[in-house]
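Me: I'm new to looking at protein models. Could you walk me through a few features?

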Amino acid sequence: MNPTQQQVNVLDVRVRRTRRQLIAALFVLMKNAPFDTISVSEICSQANVHRTTFYSHFEDKTALLQYAMVEKQQDFLQRVLAIDQKSADAFYTSIFKQLLVYLKDNWPTLHKNAPQGNSTVAQVFHDVLFDSIQQIILLKRPQTLQTRDVPIDIIAQCISGALLSVATWWAEGNSSYAEDELCQYVVSLFSFKYHTLSHPSVIKQSPTKK
């Protein structure tokens, strides 16, 4: 007998509830211990979920972490994709500002788990954000970028990496720039690069050391 739609809906609600419990438990534990030292048993105990139930949802704790990060990614994507910017400068300003807000909100947990940026958490966090920025550029790129000689997938790769690198550097406390000031500098850099690349005569050369 095939399940009714009502039964399917009930099952979906249970699945989502269980996954929310596991995500909440993971982040509670990550406030006090590095992710790499947390066990599945500890997650299950904190969430009041049986280990068998855990493995019916996730292959391991890294899969749970990836799922949790993707859930957080959706909020970031929705906020940026909702912004309708037609110019390249306004487009990148919107992305970068939202990226700074996202990092500021989530950095305490990430920093406690990866102060050197080399743990599983740091890698998953980086990969999810990098993918998000790429999606935004590919889906919402302004008309001004569609006429460039450089293919959009190459532009997306370069800009995603650069934006994420600068934002992470700022979140780590390596600069005293205010958010708006940093955003202005970064966006003007992209504006300069992509609008003057075909006119090398306007690029000032560094003075030659004698």
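Predicted model: local features only at pLDDT ≥ 70, side-chain atom pairs only at ≥ 80, totals over all residues.

Me: Which side chains meet in a salt bridge here?

Reply: The general idea first: side chains with opposite charges can pair up when their charged atoms come close. Here, Asp 180 and Lys 97 do that, at 3.9 Å from N to O. Asp 180 belongs to helix 8 and Lys 97 to helix 5, so to speak distant parts of the chain, 83 residues apart. Asp 180 is exposed, at 54% relative accessibility, while Lys 97 is partly exposed at 38%.

Me: Okay, now helices. Which residues in helix 2 are buried?

Reply: In an α-helix there are 3.6 residues a turn, so residues three or four places apart point the same way. In helix 2 the buried ones are Val 40, Ile 43, Cys 44 and Ala 47. They span an arc of only 95° around the axis, so they sit on the same side of helix 2.

Me: And how many aromatic pairs are there?

Reply: You describe a pair of aromatic rings by the distance of the centres and the angle of the planes. The whole structure has five such pairs. One of them is Phe 54 with Tyr 55: the centres are 5.2 Å apart and the planes at 85°, so this pair is edge-to-face. Phe 54 is buried, at 0% relative accessibility, whereas Tyr 55 is partly exposed at 40%.

Me: What sits over the ring of Tyr 67?

Reply: The charged end of Arg 19, 5.1 Å from the ring's centre.

How values were computed: Residues numbered from 1 in each chain as written. Heavy atoms only, no water. Salt bridge = Lys/Arg side-chain N within 4 Å of Asp/Glu carboxyl O. Helix = DSSP H or I, 4+ residues; strand = E, 2+ residues; numbered from the N terminus. Buried < 20%, exposed > 50% of the residue type's maximum accessible area, 1.4 Å probe, protein only. Arc of directions from axis to C-beta. Phe/Tyr/Trp six-rings, centres within 6.5 Å; stacked < 30°, edge-to-face > 60°. Lys NZ or Arg CZ within 6 Å of the ring centre and 35° of its normal.
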